[in-house]
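We'll pick a couple of spots and see what surrounds them.

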Amino acid sequence: MSKEKMWKLLLLIAIPIIIALIPTPAGLPPIAWLLFGLYLAAIVGLVLKPYSEPVILLATIAATAVVIGLYGGKDIKISEVLKGYSSGTTWLVFAAFTLSAAFVITGLGKRISYILIGKLGGTTLGLGYVTAILDLFIAPATPSNTARAGGIVFPIINSVSVALGSDPNDSPRKAGHYLMVNVYMVTKTTSYMFLTAMAPNALALAMMADILHIKLSWAGWALAAAVPGLIMLAITPYLIYKMYPPELKKVNNKEIAAEGLEKLGPMTLREKLLGVIFVLALSGWIGADFIGIDASTVALCVMAVTLILGVVTWDDVLKNKGGWNTLIWYGGIIGMSGVLTKTGFFAWLATFMGEHLTFGDHAMTALFVIMFISVAIRYLFASGGAYVAAMVPVFATVGMVAGAPPMLLALGLLFSNSYGGSLTHYGGAAAPIVFGAGYNDIRSWWIIGGVIAFLSLFVHMTIGLGWWELLISMGII
């Protein structure tokens with residue numbers, strides 16, 4: 001074990017011990033205080049990453065089970081911390097990973113890309129919008145934006161950059177600089193446009209539902225995100241194009257598309273089946289409320305159908321590390337959050353903040369302040385999941401105490417997690433993949449990311465707020 005890893009591990013062990021030695025705050029059950037120490041250690045572990053996320057959460061769950069066994073009494077049982085693994089939210093994300101993997105395995109994602117390039121990619125700016133349309137199209141079925149941006153979109157756009165004669169070392173500004181940074185900035189918008197477009201979305205919604213007592217369906221989420229999301233998708237490629245214009249303006253897109261489609265060959269039966277399943281999945285998620293089932297049920301049905309029809313095999317599912325990792329650590333963090341809720345920690349936190357933090361009668365001011373901080377603080381986080389686990393409960397509780405409208409607060413925070421990650425070249429797992437291609441420098445990336453992130457915040461807090469209030473007044477969300 002390296003010294004760096006050892007120090008990180010010792011810090012994680014020290015956190016719950018220090019919390020346990022501090023007297024329990026008045027009004028809080030002792031077990032809630034002890035569990036908070038473990039939860040805090042888990043969050044710090046997700047940021048420092050001495051081990052992978054599943055290992056950190058499994059260790060935390062084990063320690064939590066011991067604490068509950070020793071101090072839980074009759075009020076709380078060990079099974080409580082494992083409820084995250086029976087959560088529909090956890091299985092929604094896991095099942096959607098199978099559909100995501102199918103786009104890569106069957107080659108359908110690549111085929112759609114080359115078709116779009118052939119139709120719309122006659123200019124470098126056109127290629128920027130091809131990226132946006134492609135990402136938007138497959139986002140509902142890819143809860144890993146790393147897999148979407150890094151596994152489907154990035155390899156294609158990278159090969160296009162090379163085909164255009166743009167070299168990372170000698171001629172990055174010819175086309176690659178623009179195309180690469182656009183890949184990442186676009187996925188930071190599409191990732192909040194659907195509940196299933198990014199794994200932390202479901203986690204944030206589950207936490208928000210407990211604290212703010214709101215309910216939001218898959219279709220309700222998509223509808224609320226549609227207006228601000230589409231505005232940012234329309235703006236982003238053009239804005240980046242104007243900020244850092246590529247030297248190459250015209251593209252021989254027909255040749256690039258023809259070559260790519262020729263390598264793929266004729267459309268296979270698996271691709272056709274996947275196309276049908278994808279349409280059915282979208283229809284199911286959109287109409288879930290009308291037919292009386294939830295989004296998790298639709299996702300599980302889709303997963304089963306893809307396996308039964310042979311679109312993917314069980315071996316493909318077993319090889320999908322992203323899905324299994326998410327199942328373990330998301331189920332764990334949801335379970336931990338649920339235990340803290342059951343023991344009264346968040347209720348106590350709300351009372352405590354209500355006594356020490358006040359915005360008076362300025363509830364909307366509180367909303368704007370919280371939203372600004374929620375974006376700015378993303379400079380400190382390299383993981384959307386870690387940010388959600390650490391900050392969403394805090395921001396939700398502060399907003400609730402300040403009297404901010406629960407649904408407006410929830411939607412603002414649910415969406416800012418994604419676009420806030422555009423600030424830096426480490427703001428999400430896809431960023432190092434795209435940045436690692438070598439076309440972009442840190443300075444230009446941070447400038448573009450800052451503009452996109454805070455412009456997104458402005459759009460959401462103006463047009464977005466108006467749109468959400470309209471949906472709420474009509475009883476749609």
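Which residues does N417 touch, not counting residues up to four places away in sequence? In this predicted model, the answer is M198, P200, R378, G384, Y387 and V388. You'll find N417 itself in helix α20, which covers residues 406-419. Is N417 buried or exposed? Its relative accessibility is 2%, and buried means under 20%, so N417 counts as buried.

Now hop over to T190. This residue sits in helix α8, made of residues 176-190. T190 has a relative accessible area of 0%, so it is buried too, as the cut-off is under 20%. Here are the two side by side:

| Residue | Helix | Relative accessible area |
|---|---|---|
| T190 | α8 (residues 176-190) | 0% |
| N417 | α20 (residues 406-419) | 2% |

What is T190 in contact with, once you leave aside its neighbours within four places in sequence? The list is A132, D135, L136, A139, R148, A197 and L233. There's also I138: 52 residues separate it from T190 in sequence, yet their C-alpha atoms are 9.3 Å apart in space.

Finally, zoom out to the whole chain. The domain assignment gives domain 1 (1-76) and domain 2 (88-322). Taken over C-alpha atoms, the centres of domain 1 and domain 2 are 36 Å apart.

Note on methods:
Residues are numbered from 1 along each chain as its sequence is written. This is a predicted model: local features need pLDDT of at least 70, side-chain atom pairs count only at pLDDT 80 or more; totals for chains, interfaces and linings use all residues. Side-chain values use heavy atoms; hydrogens and water are left out. Helices (H or I, at least four residues) and strands (E, at least two) are DSSP runs, numbered from the N terminus. Buried means under 20% relative accessible area, exposed over 50%, partly exposed in between (1.4 Å probe, protein chains only). Contact means heavy atoms within 4.5 Å. Domain bounds come from an automatic or database domain assignment.
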